[in-house]
Amino acid sequence: MRIIFIFFEGERVPRAAREPKVTGGRIAEKGGTMSLFVKFNLILILVFAVALVPAGYISNRLLQKNARTQIVQNARIMMETAMATRGYTVKQIKPLLAPRLAEEFLPQSVPAYSATEIFNYLRETNPEYTYKEATLNPTNPRDRTVDWEADIVNAFRANEKLGEIIGERDTSLGRALYLAHPLKITDKGCLSCHTTPDVAPASQVKAYGTNGGYGWKLNETIGAQIVSVPTTVPIGLANTAFKTLLGSLIAVFASILVVLNILLWFVVIRPIKRLSRMADQVSTGDLDVPEMTVKGSDEVAVLSGSFNRMRISLTKALKMLEGE
Ligand code: HEC
């Protein structure tokens, strides 16, 4: 027994001094097997979190940008529809109604009126969509600019080159995107009705009075066509898509983490735990511990093979010493 004791003491000291690499294993032994799990999981979670932040930021921005493009596209289609309605009124309705204009003014012949009316019908089922020929000094009072519309018209009046203004605002029906184009008097024909009441058709003056819609000048920006479309649906869809994307990324990562943990347990931690238990038993003098076999040819299998050989050599050496 005395010899064995000395042998172990002699073996222990140089081993620790010779192989500083064993430190990692010693920490694992001290803190329990969980520490390897904790380290492994912490690093993986950290790497995932670091990757998730830019990925989430970029995909969210992309989705929001797409949603906005879609909203602007909606607004453009509405504007095009308004222009088409105006064109239809000028080309087809106006000539039909012109002969009756002297006896009775028919607003159906006015492009601004028909475009506004068409969209008023649309609003009956889609109240968030609006179209307005917002004018500073209008013939029909319903076309008068309200504060924020006046700002847009004045921006167009201040900058002749400005062809379009896009913006967002909160309305009673939710957030809306507006698209505005300037309304400019480019045709002398317009002035026959919009200069002074005595030049305008008598039937028009009779129907609308003399308060507004006069005094417009050639090349003057008198108002703006303003289309307003809701942003809630496309933005909501983008937010849902983002949440789904984020959720599935996290789910994929979580499954990978679970699989890696299971692998880590069966391939590394469990055999190492068994090996270390065996080493413990051998180190306390119990040389009858059964041999441990790890299948395969990976590092852990090689380690257990070496360990088994070391145990056999140790047993033999001790027997030789005892025999002396
Ligand atoms: C036959 C007379 C007549 C002519 C010509 C005419 N308008 Fe008008 N315009 C009107 C009347 C009447 C209204 C009001 C219609 C309504 O009830 O909405 C109106 C309304 C408008 C509006 C909506 C704002 C408002 O004043 O209520 C705009 C913008 C407009 N006209 C622009 C033009 C332009 C641009 C031209 C030339 C291309 C033109 N108009 C030619 C009679 C005319």
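**Reading the sheet, its helices and the ligand shell**

Q: In which sense do β3 and β4 pair, and over how many bridges?

A: Strands of a sheet pair through backbone hydrogen bonds, and they do so either parallel or antiparallel. Here strand β3 (residues 174-184) pairs with strand β4 (residues 221-230) in the antiparallel sense, over nine bridges, where strands count as paired if DSSP finds at least two bridges between them. Helices (H or I, at least four residues) and strands (E, at least two) are DSSP runs, numbered from the N terminus. Within this pairing, the bridge partner of Leu 183 is Gly 223 in β4. This is a predicted model, in which local features need pLDDT of at least 70 and side-chain atom pairs count only at pLDDT 80 or more, while totals for chains, interfaces and linings use all residues. Residues are numbered from 1 along each chain as its sequence is written.

Q: What is the order of the strands in the open sheet?

A: The open sheet has four strands in the order β1-β4-β3-β2, with antiparallel pairing. Because β1 and β2 (165-171) stand at the edges with a single partner strand each, one side of each is left without a neighbour in the sheet. For β1 that partner is β4, which runs antiparallel to β1 and is joined to it by six bridges, and Ala 134 stands opposite Ala 224 in β4.

Q: Which residues of β1 lie on each side, and are they buried or exposed?

A: In a regular strand the side chains alternate between the two faces of the sheet. In β1, Thr 130, Lys 132 and Ala 134 lie on one side and Tyr 131, Glu 133 and Thr 135 on the other, and all are buried, meaning that 20 or more other C-beta atoms, placed from the backbone, lie within 10 Å of a residue's own. Six of the six residues of β1 are buried, so this strand is largely enclosed by the rest of the structure.

Q: Which residues of α4 are buried?

A: The buried residues of helix α4 are Ala 112, Ser 114, Ala 115 and Thr 116.

Q: Which residues come nearest to the ligand?

A: A residue is near a molecule if its C-beta atom, placed from the backbone, lies within 6 Å of it. Of the 24 residues around the ligand, Ala 112, Pro 138, Thr 139, Cys 190 and Cys 193 come nearest. The elements giving two or more residues to this shell are α4 (111-125), β1 (130-135), α6 (188-194) and α7 (202-208), and the largest share, five residues, comes from α6.

Conventions. Buried ≥ 20, exposed ≤ 12 C-beta atoms within 10 Å, placed from the backbone.
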